[in-house]
Amino acid sequence: ATNKKIALTDEQFAAISRALADPRRYAMLRQIAAAGEMACCSLEEQSIISPATISHHLKELAEAGLIEVEREGRIANLHMRRPVFEAYLARLSSL
C-alpha cells in the first residue's frame with residue numbers, strides 16, 4: 001500500500017467540516033470507522049431515524065470523501081476513507 005499524501009481543496013475541506021458538524025453524521029462515521037467495514041443496515045441509527053434520513057447523511061459523508069459506499073445488490077457496504085480524514089486532520093492542525 002502506498003502512503004500517498006492527499007491534498008484537500010478548499011471545497012473538500014469545507015465539505016468535510018460541514019459533514020462532521022452534524023452530530024448524527026459524526027456518530028455514523030464513528031461506527032463505520034470502528035467497524036472497518038459495515039453494512040448500511042447495521043448502523044445503530046436504523047431504529048430511530050428513517051431510511052431516507054440515513055441515506056441523506058451517508059450521501060453527505062460520501063460526497064465529502066469520508067466514506068466509500070460499495071453496493072452489492074441491495075446491500076450497501078460502508079468503508080471509512082482514512083487517508084481523506086487524516087488529510088483533513090493534518091490541515092486542521094496546521095492552522
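**Close-up 1. Cys-41 is exposed, with a relative accessible area of 56%.** This is a predicted model, and here we look at the cysteine pair. The sulfur of Cys-41 has its closest cysteine sulfur in Cys-40, 6.9 Å away, which is too far for a bond, as a disulfide requires sulfur atoms within 2.5 Å. Searching the whole structure turns up zero disulfides, and Cys-40 takes part in none. Cys-40 has 19% relative accessibility and therefore counts as buried, the cut-off being under 20%.

**Close-up 2. Helices α1 and α2 meet at an angle of about 95 degrees.** Helix α1 covers residues 10-21 and helix α2 residues 23-35, and their axes lie 5 Å apart. The two helices are therefore roughly perpendicular to each other. On the α1 side, look for Arg-18, Ala-19, Leu-20 and Ala-21; on the α2 side, Pro-23, Arg-25, Tyr-26 and Leu-29 complete the contact. Six of these contact residues are nonpolar, two are charged and none is polar.

**Close-up 3. Three strands form an open sheet in the order β1-β3-β2.** The pairing is antiparallel. Strands β1 (37-39) and β2 (67-72) are at the edges with a single partner strand each, so one side of each has no neighbour in the sheet. From one strand to the next, the twist averages 25 degrees.

**Close-up 4. Strands β1 and β3 are joined by three bridges.** Strand β3 spans residues 75-80 and runs antiparallel to β1.

Terms used: Residues numbered from 1 in each chain as written. Predicted model: local features only at pLDDT ≥ 70, side-chain atom pairs only at ≥ 80, totals over all residues. Heavy atoms only, no water. Pairing = 2+ DSSP bridges. Helix = DSSP H or I, 4+ residues; strand = E, 2+ residues; numbered from the N terminus. Axes fitted to C-alpha atoms, helices over the stretch in contact; angles between N-to-C directions. Parallel < 35°, antiparallel > 145°, perpendicular 65-115°, else oblique. Contact = heavy atoms within 4.5 Å. Nonpolar A, V, L, I, M, F, W, Y, C, P; charged D, E, K, R; others polar. Buried < 20%, exposed > 50% of the residue type's maximum accessible area, 1.4 Å probe, protein only.
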